[in-house]
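This briefing looks at how two protein chains meet. Please have the sequence and the structure at hand while reading.

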There are 2 protein chains.
Amino acid sequence: MEELKDLLNQRNLKATPARLQILSLVQNYDGAVPFGEIQSHLGELDRTTIFRTINALLQNGLIHKTQFGNAETYFAMCPKTCSEQGHQHQHVHFKCTNCEVVSCEDLSSNPRIEIPNFQIDKVDIILTGVCNRCLVVQVSVN
Amino acid sequence: MEELKDLLNQRNLKATPARLQILSLVQNYDGAVPFGEIQSHLGELDRTTIFRTINALLQNGLIHKTQFGNAETYFAMCPKTCSEQGHQHQHVHFKCTNCEVVSCEDLSSNPRIEIPNFQIDKVDIILTGVCNRCLVVQVSVN
DNA sequence: TAATTAAATGCAACATTGTTGCACTTGGAA
DNA sequence: TTCCAAGTGCAACAATGTTGCATTTAATTA
């Protein structure tokens with residue numbers, strides 16, 4: 001908890017209960033946290049505060065977000081390569097259709113994403129399928 | 001217009017004014033159409049009808065949608081490989097930060113998207129940058 | 001340790017996107 | 001022309017997200 005406090009202060013963010021609670025939830029969650037989960041775990045906080053807290057953490061490179069279609073937004077911790085200057089992620093986002101867990105994953109090899117005569121500044125890869133844990137269960141059941 | 005009507009009837013959808021108008025707008029728009037654009041071009045239609053019409057076209061493989069972060073949803077025509085059985089797109093979605101146009105584009109080469117021990121069913125690649133047209137303008141201005 | 005203040009929070013009000021139920025209307029086939 | 005399943009409009013609702021303003025608080029400093 002003291003680490004999270006330092007992390008916030010390093011970014012010139014006050015270590016308030018709201019921020020510590022949300023950061024701690026995101027850090028300890030199995031995979032990326034759906035927005036609804038943040039809301040229900042922090043029901044005593046005003047919704048506005050939750051939104052503003054999330055935005056502060058996003059802008060300062062402590063967490064990042066991803067979305068699957070129109071559905072819920074998910075939040076996960078950032079690697080140390082992120083800062084208030086911007087986000088730098090190499091990973092992709094994966095949602096398992098079996099256990100519903102959303103996670104940050106590394107690809108086997110980094111793909112070359114190019115379109116002729118276009119300048120590409122940001123790449124976002126969103127995958128759906130079955131995760132390693134659920135595949136193992138399926139195999140062992142059969 | 002007669003083609004669009006046939007297209008709808010082939011999918012067992014009635015060729016109603018709402019559907020013809022939305023399909024026609026999506027077909028003739030420069031790039032993918034933002035939702036707000038559909039709404040403002042079809043202001044005389046009830047919002048519910050717009051949502052239901054869009055959903056019908058999505059489910060029947062006539063159009064597809066994409067999103068950039070929390071921002072607006074965009075709609076574009078589907079290739080003929082899509083049907084009520086499901087969508088089959090090879091293309092990626094690109095948003096130009098200069099002209100704001102969102103478009104479906106093909107990559108130079110199809111990347112191999114793999115995560116060890118995961119089964120990947122659906123790949124969604126969302127790119128941001130500067131499109132070919134805006135790059136040309138920048139070059140000719142300098 | 002108390003005072004100070006910029007930053008953070010809570011509350012109220014609002015806007016947009018999206019859904020559902022139900023009554024009414026209509027496209028397309030017989 | 002008739003018919004009816006499919007489509008539409010309306011009302012009500014729910015969730016996400018934003019803004020302005022008054023109040024509270026974390027962290028500094030005296």
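How much area do chain B and chain A bury between them? The two chains bury about 2,900 Å², 55% of it on carbon and sulfur atoms, where buried area is the accessible area (1.4 Å probe) that two parts lose on being put together, summed over both. This is a predicted model, in which local features need pLDDT of at least 70 and side-chain atom pairs count only at pLDDT 80 or more, whereas totals for chains, interfaces and linings use all residues. Side-chain values use heavy atoms, with hydrogens and water left out, residues are numbered from 1 along each chain as its sequence is written, and chains are lettered from A in the order in which they are written.

**Extent of the contact**
- The contact (heavy atoms within 4.5 Å) takes 35 residues from chain B and 35 residues from chain A.
- On the chain B side, B:Ile115, B:Phe118 and B:Gln119 lose the most area to chain A, together 18% of what that side buries.

- Across the interface, zero salt bridges are found, a salt bridge being a side-chain nitrogen of Lys or Arg within 4 Å of a carboxyl oxygen of Asp or Glu.

**Strand pairing**
- Strand β6 (residues 119–130) of chain A runs antiparallel to β6(B) and is joined to β6(B) by eleven bridges; strands are DSSP runs (E, at least two residues), numbered from the N terminus, and two of them pair if DSSP finds at least two bridges between them.
- Within this pairing, A:Val123 stands opposite B:Leu127 in β6(B).

Notes: Helices (H or I, at least four residues) and strands (E, at least two) are DSSP runs, numbered from the N terminus.
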